[in-house]
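Welcome, and thanks for bringing your viewer along.

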Amino acid sequence: MSAEPETTPLAKVTDLAVNLPTGRKQSVDAVRHVNLEVFAGEKIGIIGESGSGKSVTGRSIAGLLPTSPRVKLEGSIIVDGEEMIGADAAAWQQVRTHKVGMIFQDPLTYLNPVIRVGRQVEESIAPSKWKNRDPVVQEKSLNFLRLAGFPSPTEVSRKYPHELSGGMRQRVLIAIAIAKRPRLLIADEPTTALDTTVQKRVLETLATTVSETQTSLILISHDIGVVASMTERIYVMYRGRVVESGSTSQILSAPNHPYTQALLRSVRSLSEPDVDLYSIPLELRRKLEMEDVA
Amino acid sequence: MKAVLIHYGKLLGSSFLLLLVVITILFALLEAAPGDPVQSLVGDAPVSEQFREQLVAAYGLDRSVVERYFIYMGSVLTGDLGTSFTTQTPVLDRILGRLGNTLALAIPATVISTLGGIILGVIAARTRNPLLDTGISGGAVGMFSIPNFWLGLMLIAIFSVQLGWLPAQGTASYGQSGIALEHMVLPLITLVTSQFAYNIRVMRSSMIESLGQDFVDTARSKGLSYRQIVWRHGMPNAMLPMITITGYGVGLILAGSVLVERVFGWPGMGLLLVESINNNDTLVVLGVAIVITVCILIANILTDIVYGLADPRLRARFRPKGSES
């Protein structure tokens, strides 16, 4: 593990709280007192069930929360030495342009349907060269498409998103995210919308591109198998908090927190097909909720 | 390429069939309507029964409805819309003489209402000032609710009669030919208003919808500014409904021009239609309706072509199934 005490983390989240509006007057504390750090070149995972706040945490670091003024952020997010909470739009734009890339869950809706794939990658390399296309940028975009697993990128770059399969679209999103050469890549459920056979290949692509480009990775997933194979450290989130964190092997072999234990038990095992699927018992949820309030 | 030709061939064919159906329905309606075309031929002067019968025979009005329908269809298909009962000149010449004046209002009206609708719609959608958005949206609802005949009369009452700023009637000053710009202002405002308001509303909601799409998050993650996101990613997607609306709008504006031309004494096709209905000049009525139908069908075909250019997902229909890689 690269977490040596004297190196400063690439991104450090301290006591982060995010409050999101859910209605005219209602809002929800999506993330509460989250501490998280990721070092240069490190791969970490955030696991947890739906609504645990893992996506909101990821989006907070990438600066991609909804733009509504009613979204409230507290605490500290330091990206590459800069405090981002309370930072102005220009500072965030710098982070998004150069430092943090994001891969999203649904590969179709996250690509613009009326723009050719190649241009969408080029835009990530050089957002300002939209009108006068630069052949150097075009050449670069082909390289990133190749890196994302397209053996003949020229052909793909001329296509529209609807002409590609789900797995191919996800590779395009990977190409878009790595094309700006970010220091940190946040992948939010990158394989959830794909079928299992494609999942594996997309994950391999993600793993190789991340290690080839020396990028740090935050992999967000509810799929423990996916996170286990890709990461060095894991944060477990539940009800907007990090309930447990540690090295991947330690979390998987000796989980401390009752929620982590329950979460690991609820993974369906292929080697023991007769075992009933375990679901987290209601008593445990109630107990955790009580502790939360207290 | 072949699939493209087949698609547009089908579109042309179905448009042509639609035209035949429209002619048939109009022919039947006019046949059922009260009124005697011979009366409009002879005017109000009393004529002998013999002369009347001569006329009926000369125009073939003694034949059966079915016979006259097929004769009329045949001549329409060869480009002959018949002869006007009142002026004794070819119907087509009379219509073409007026078509220019109608288009002189309808084309600018379409351009203004579309461009203006896009601009104000985008402003209303992306402004962070709620007052501006409410102002534009509320104004659009107001404009959309004003009946155009009332608006035309009010404009005349205020700007022509009271203030004397703009002329109220005709295409140019008395004794002058051509179209004077100042004569166009009031009819154009009257014709544009409701379509303009409608376009604002459609563009606003369409832009808001496309800025809420997931791909906007991808664009944000690339570090684009809000402005770049609106123009590069919001605009091309938000324009798709506008293309359809503009196509329909051509029909609505042509329909509206009948009223506007009547109110402003603008000698276009619409006014010709009103005059011909009053005079029982059946063939001219039919002819105007046919020309308007053709204009709308052409607008529809153009809409389809433009939509195909703007949305690559629609172009996919030209490709044989299963050729996607």
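Start by selecting A:V13 and A:I77: the bridge partner of A:V13 in β4(A) is A:I77. Now widen the selection to the strands around them, β1(A) and β4(A), the latter covering residues 72–79; they run antiparallel and share seven bridges. Strands here are DSSP runs of E with at least two residues, helices are runs of H or I with at least four, and both are numbered from the N terminus. Two strands count as paired if DSSP finds at least two bridges between them.

A word on the ground rules: this is a predicted model, in which local features need pLDDT of at least 70 and side-chain atom pairs count only at pLDDT 80 or more, while totals for chains, interfaces and linings use all residues. Residues are numbered from 1 along each chain as its sequence is written, chains are lettered from A and ligands numbered from 1 in the order in which they are written, and side-chain values use heavy atoms, with hydrogens and water left out.

To see one of the contacts, pick A:K12, whose bridge partner in β2(A) is A:E37. Five residues separate β1(A) and β2(A), which form a hairpin.

Staying in chain A, show the side chains of A:R119 and A:W130. The charged end of A:R119 sits over the ring of A:W130, 4.2 Å from its centre (the criterion is NZ of Lys or CZ of Arg within 6 Å of the ring centre and within 35 degrees of the ring normal).

Now for some backbone angles. Most residues other than glycine have a negative phi. Go to A:E189, in the loop between β7 (184–188) and α7 (196–212) of chain A: its phi is positive, about 45°, although it is not a glycine. A:E189 counts as buried because its relative accessibility is 6% (buried is under 20% relative accessible area, exposed over 50%, partly exposed in between, with a 1.4 Å probe and protein chains only).

Jump to chain B and select B:N280, in the loop between α11 (269–278) and α12 (282–310). This non-glycine residue has a positive phi of about 60°, and at 26% relative accessibility B:N280 is partly exposed.

Where do aromatic rings link into a cluster? Select B:F27, B:Y69, B:F70 and B:Y72, which ring pairs join together.

Terms used:
Phe/Tyr/Trp six-rings, centres within 6.5 Å; stacked < 30°, edge-to-face > 60°.
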